[in-house]
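Trainee: I have a new structure to look at, and I'd like to learn how to read it. Please walk me through it, one feature at a time.

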Amino acid sequence: MYKVKVFVTLRESVLDPQGTAVMHSLHAMKYNEITDVRIGKYMELMVEKSDRPVEDVVKEVCDRLLANPVIEDYRFEIEEA
Amino acid sequence: MKFAVIVFPGSNCDIDMFHAIKDELGEEVEYVWHTTESLDEFDGILLPGGFSYGDYLRCGAIARFSIVMQEVVKAAKEGKPVLGVCNGFQILLEAGLLPGAMKKNESLKFICGPVKLRVENNQTMFSNQYDKDEIVTIPIAHGEGNYYCDEETFAQLKKNNQNVFTYEGINPNGSLENIAGITNEQGNVLGMMPHPERAVDELLGGADGLKVFQSIVQQWRESHVVKS
């Protein structure tokens, strides 16, 4: 069994309206050292060992469903569980 | 002409869509549940607005994998008219039947009210009853209608005249180049954020949306004329 942590964020080239709003709020709170905020999603998957490498399975589900490659990037971490 | 209104769990504009076709247009229409395995008997496919699957993950992302969507893709490939409104537009984007994606509105607020649209292209099967550059009023109601695509895709949209409706005067959601509705390259799939089915009778505050449906029927009749 693997525990997979998937992080999905808007691509760098895509303006993130939520992140921008949060950054403005942080600036209003005087945290001026914060120069950018990107808001994303975090997902945990439990994946059983199969005849396919777990990386391939996770990459495939990220491309097909968990992220929208038009506007989002993703990365993931795999742990033995 | 026989229309299908596809109903997903969480669709909530299906009844308005049905009403527009049956009562205002006088054409045949049926509700079609998302588990339906064939759309062969239908001439036109309508994906209504709403919050399919609670907008979980991304708007339209789950609905896109419904059983019926394979049939919607098939109908689109066959050249049948496929119209997605609001959440229906989002589903068509997620399904890859239309290019681009939706982001949250720039204001981060759900917006609801009539907006002015410009008919950029009246040579489509969804807009042939409008005049070019006609300004019409049709309501919007969405939280994620901020259309985005990359520059290359936008250049393609422009080159192929795929921009059918743009917001006029005020851009309500931050949408790229004021885009409100686009077709696919073949021109038989239209996605639009404004709700034409909510503007089909003066009693509803306006009837500017009716021509979208009349256009579909007009095109269908022309292409089904039996030459004697």
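Mentor: Let's begin with what counts as a helix: a DSSP run of H or I that is at least four residues long, numbered from the N terminus. Keep in mind that this is a predicted model. One helix to find is α3 of chain B, residues 87–94. Just after α3(B), G96(B) has a positive phi of about 80°.

Trainee: How many residues of α3 in chain B are buried?

Mentor: For burial, count neighbours: a residue is buried if 20 or more other C-beta atoms lie within 10 Å of its own. In α3(B), 8 of the 8 residues pass, so the helix is largely enclosed by the rest of the structure. Among them are N87(B), Q90(B) and E94(B), along with F89(B) and L92(B).

Trainee: What do the buried residues of α3(B) pack against?

Mentor: Strands of chain B: β3 (44–47), β4 (82–85), β5 (101–103) and β11 (189–192). Take L92(B) as a case. Beyond its neighbours within four places in sequence, L92(B) is in contact with L47(B), G84(B), L97(B), L98(B), V189(B) and G191(B).

Trainee: Which residues touch the most other members of the largest nonpolar core?

Mentor: L92(B) is one of them, together with A4(B), V5(B), I6(B), I45(B), L46(B) and V72(B). That core has 71 residues. Another core, of 6 residues, lies apart from it and includes V4(A), V58(A), L66(A) and A67(A).

Trainee: Now helix pairs. At what angle do α1 and α5 of chain B pack?

Mentor: The general idea is that two packed helices are described by the angle between their axes and the distance between the axes. Here α1 (residues 14–25) and α5 (residues 210–223) of chain B meet at about 75°, with their axes 11 Å apart. Angles of 65 to 115 degrees count as roughly perpendicular, and α1(B) and α5(B) are therefore roughly perpendicular to each other. From α1(B), the contact uses A20(B), I21(B), E24(B) and L25(B), while α5(B) brings L210(B), F213(B), Q214(B) and V217(B). By class, the residues of this contact are 6 nonpolar, 1 polar and 1 charged.

Trainee: Let's move to chain A. How many helices and strands does chain A have?

Mentor: Chain A has 2 helices and 3 strands, and from the N terminus on they run β-α-β-α-β. Then look at how spread out the chain is. Its radius of gyration is 16 Å, well over the 12 Å that the globule rule gives for 81 residues, so chain A is more spread out than a compact globule. The C-alpha trace of chain A spans about 50 × 25 × 15 Å along its principal axes, and buried residues make up 12% of the chain.

Trainee: How many residues of chain B are in contact with chain A?

Mentor: There are 10 from chain B, in contact with 8 from chain A. On the chain B side, 4 are nonpolar, 1 is polar and 5 are charged. Leaving out residues up to four places away in sequence, Q18(A) touches I39(A), K104(B) and L108(B). Q18(A) has 15 C-beta neighbours inside 10 Å, so this residue counts as partly exposed.

Trainee: How many C-beta neighbours does N161(B) have inside 10 Å?

Mentor: N161(B) has 13, so it counts as partly exposed. D55(B) has 18 and therefore counts as partly exposed too. As a last stop, find G187(B): it is 26 residues from N161(B) along the chain, with 9.2 Å between their C-alpha atoms.

Methods:
Residues numbered from 1 in each chain as written. Chains lettered and ligands numbered in written order. Predicted model: local features only at pLDDT ≥ 70, side-chain atom pairs only at ≥ 80, totals over all residues. Contact = placed C-beta atoms within 7 Å. Nonpolar A, V, L, I, M, F, W, Y, C, P; charged D, E, K, R; others polar. Core = buried A, V, L, I, M, F, W, Y, C linked by C-beta atoms within 7 Å. Rg over C-alpha atoms; globule rule 2.2 N^0.38 Å. Axes fitted to C-alpha atoms, helices over the stretch in contact; angles between N-to-C directions. Parallel < 35°, antiparallel > 145°, perpendicular 65-115°, else oblique.
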